[in-house]
Protein chains: 2
Amino acid sequence: MTLSRETVEHRLEEIIRQAWHTHALYFSHTPRSSVEEVLNLVKEQAVSSNQGGKRLRALTLMQTAYTFCPEEVRIDDSALLDLACAIEIFQTAALIHDDIMDDADTRRGAPSAHKALAVQTSASQGQGLALMLGDLLATLSIRVAFTASHKLSNSDEIFRTFLAMHDQVEIGQIMDVSMETIELTDTDAIESSIWATYINKTASYTTIAPLLIGILASSHPQISQNAQSFAQSVGNDLGVAFQIHDDLIDILSDSQTTGKPVGGDIREGKRTLLLARALQLASPHDRDTLLVKFEHTAHRDKEDVEIIRTIFHRSGAIDSLIDEVDKLWQRAAHAVLTTCMMHDISPEKTQALITMCSHFIN
Amino acid sequence: MTLSRETVEHRLEEIIRQAWHTHALYFSHTPRSSVEEVLNLVKEQAVSSNQGGKRLRALTLMQTAYTFCPEEVRIDDSALLDLACAIEIFQTAALIHDDIMDDADTRRGAPSAHKALAVQTSASQGQGLALMLGDLLATLSIRVAFTASHKLSNSDEIFRTFLAMHDQVEIGQIMDVSMETIELTDTDAIESSIWATYINKTASYTTIAPLLIGILASSHPQISQNAQSFAQSVGNDLGVAFQIHDDLIDILSDSQTTGKPVGGDIREGKRTLLLARALQLASPHDRDTLLVKFEHTAHRDKEDVEIIRTIFHRSGAIDSLIDEVDKLWQRAAHAVLTTCMMHDISPEKTQALITMCSHFIN
């Protein structure tokens, strides 16, 4: 099977439409009415909310399985693709709930689900519908993973890993919310809490689960046994690197590239590693400015964003995190390489996995 | 095993605490900080949100399994109890999300989860934390059902039924939201849409799934084959009867019994079967009053509630629905009786199941 973004995108839409076809049976006795219109709205939102991602998680899961799959084993390609799609569906579910929590206006350059659904209904109905859409997609992701894992090796472990991934992301989100209550003056506590949050809310489903599930599905007898430690050692570093890289994009690029307004994290007052690092490295005066802007100001306007960006640069926080991403990436790539060599994986397959991983920070 | 509310309540708390013990591992490297305090808040909310239900769903599932279980078969009691708890955990998850959607202040006589969590944080943080708590409990319910079903007969079918129940309730909630958009003048469309909503959002997990899963877990070879049709025929009627009975309690009793303010449904402008029936039966003048109060008035105050209650009585809508509950109950009880007799279930076991079912409307 060719590993391409389009293959994932195509199958994803197929799964969503098929699921809604089944959901529709629950209201088959309802007469044509406004109820049906609303249900259709939600279906179309399910399809469009699932569009437009880079599908790195799905592709990494599949590439990992193909890299470690022994020559004599034939993986069920379509089951593997479905399993990969399950992670993408879960991500969409998580993002829809995340956007409700942050009351975000946009996602991937389009209106967020609850805002889009509010247009044709009302603000509170839009929120309610998006909440349920997130729940439906979360359940769908679990059903798809359950069915697909049955056709692959280590099915029980794959499925339990998938459920644990759900938990970990939700715990990570709770950490993220609680991060807003943390004292910004305690810079060490902030940095370690943010690091833990990044691992739980991002690395968990972005890199750790795709690597772990990919290995379990590969049927490789030895690597499967050490799947956990491999996925943790590579996935933690790579996933955190990805999140830091994402934070940096928010500061360094323009809104056309990201589909989000520049400095959105600053505006929302998000506790990022960049903020923590700047608080550690900035001059006393700049540090006080950051504390005032983040602790005692409810909203940061355009001018604030510029002041804060300047401090992020001047303090060396940005350079320090660019180095950090590089260091994390080197360590992750080295761990992939070592494991592949130890288990006699061909140079081609090794390179394919390393290249795939590199997309997370490019 | 003795079937009691306390047995379910006890095991439920055990499961929740155990799950949070596992969740805690995800933040074991976080230093003691406000993050940990927030996570503890969420844990305690998980425990208290799960307290205080009547556990009818859990008990019905278990009673169904014991009623149909052939003499020579030994059911794994603790797996069955866990499966029953899984439905209760799912209900708690659904109610937490439901309360966010309705922005409800109370639940089971205590503050709703998002309101309780907002007290120690902020309104928006409370909402975010409750949203994630609902997600965590939904995932937990699935994990518990997965593990328990493995130790029972028809495990795959039980688990798929459990996932389908999640879907159906979420679709029912979407129908419930969209019901607000329906034209109140089209009384036939309203009544049939509300009926469909009641089946999806209430009967699905209150009666249909407990009966269906209970039968599947019973290992009875013949009844298992017709589990679907039995669960539908009994569960639809009984579940709708339960929901109508619940709607009537909202009108007829005082707030001390329900833990909710009287006439809460009226205040919220909910589209209930009672409203639909009153619109059909009321005099033209009363009907116009209802239309004005429900379609053109955003909030209904105490005086409005009294006017509407009077119309509900005077129109005969309340009497009509009391009859309806009775009719539905008779039909459900008859279906249980017929099936039990057809399969030579003992009179004691038959009576135990019928008594259990009767609690839904008492």
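The model is predicted.

The interface between chain A and chain B was examined first. Each side is formed by a counted set of residues: 52 from chain A and 52 from chain B. Together the two chains bury about 5200 Å². Carbon and sulfur atoms carry 68% of that area. On the chain A side, the greatest losses of area to chain B fall on A:Tyr26, A:Met132 and A:Ile174. These three residues account together for 13% of what that side buries.

Two salt bridges are counted between chain A and chain B. One salt bridge joins B:Arg143 to A:Asp167, with the closest N and O atoms 2.3 Å apart. Five helices of chain A each supply at least two residues to the side that touches chain B: α2 (34–49), α4 (77–102), α6 (123–149), α7 (155–179) and α8 (187–218). The most comes from α7(A), with 16 residues. By residue class, the chain A side comprises 26 nonpolar, 19 polar and seven charged residues.

Chain A is divided into domain 1 (1–152) and domain 2 (155–362). The C-alpha centres of these domains of chain A are 23 Å apart. Contact involves 36 residues of domain 1 of chain A and 40 residues of domain 2 of chain A. The two domains of chain A bury about 3300 Å² between them. Of this area, 73% is on carbon and sulfur atoms. On the domain 1 side, A:Arg57, A:Phe68 and A:Phe90 supply 23% of the area buried against domain 2 of chain A, more than any other three residues.

Two salt bridges are found across the interface of domain 1 and domain 2 of chain A. The side chains of A:Glu71 and A:Lys349 form a salt bridge, at 4.0 Å from N to O. Six residue pairs are in polar contact across the domain interface of chain A, both residues being at pLDDT 80 or more. On the domain 1 side, α3 (56–68), α4 and α6 of chain A each supply at least two residues that touch domain 2 of chain A. Here α3(A) gives the most, with 11 residues. The domain 1 side of chain A divides into 22 nonpolar, 10 polar and four charged residues.

How values were computed:
Residues numbered from 1 in each chain as written. Chains lettered and ligands numbered in written order. Predicted model: local features only at pLDDT ≥ 70, side-chain atom pairs only at ≥ 80, totals over all residues. Heavy atoms only, no water. Contact = heavy atoms within 4.5 Å. Buried area = accessible area lost by both parts, 1.4 Å probe. Helix = DSSP H or I, 4+ residues; strand = E, 2+ residues; numbered from the N terminus. Nonpolar A, V, L, I, M, F, W, Y, C, P; charged D, E, K, R; others polar. Domains from an automatic or database assignment. Polar contact = N/O pair within 3.5 Å; in protein donor to acceptor, adjacent residues only side chain to side chain.
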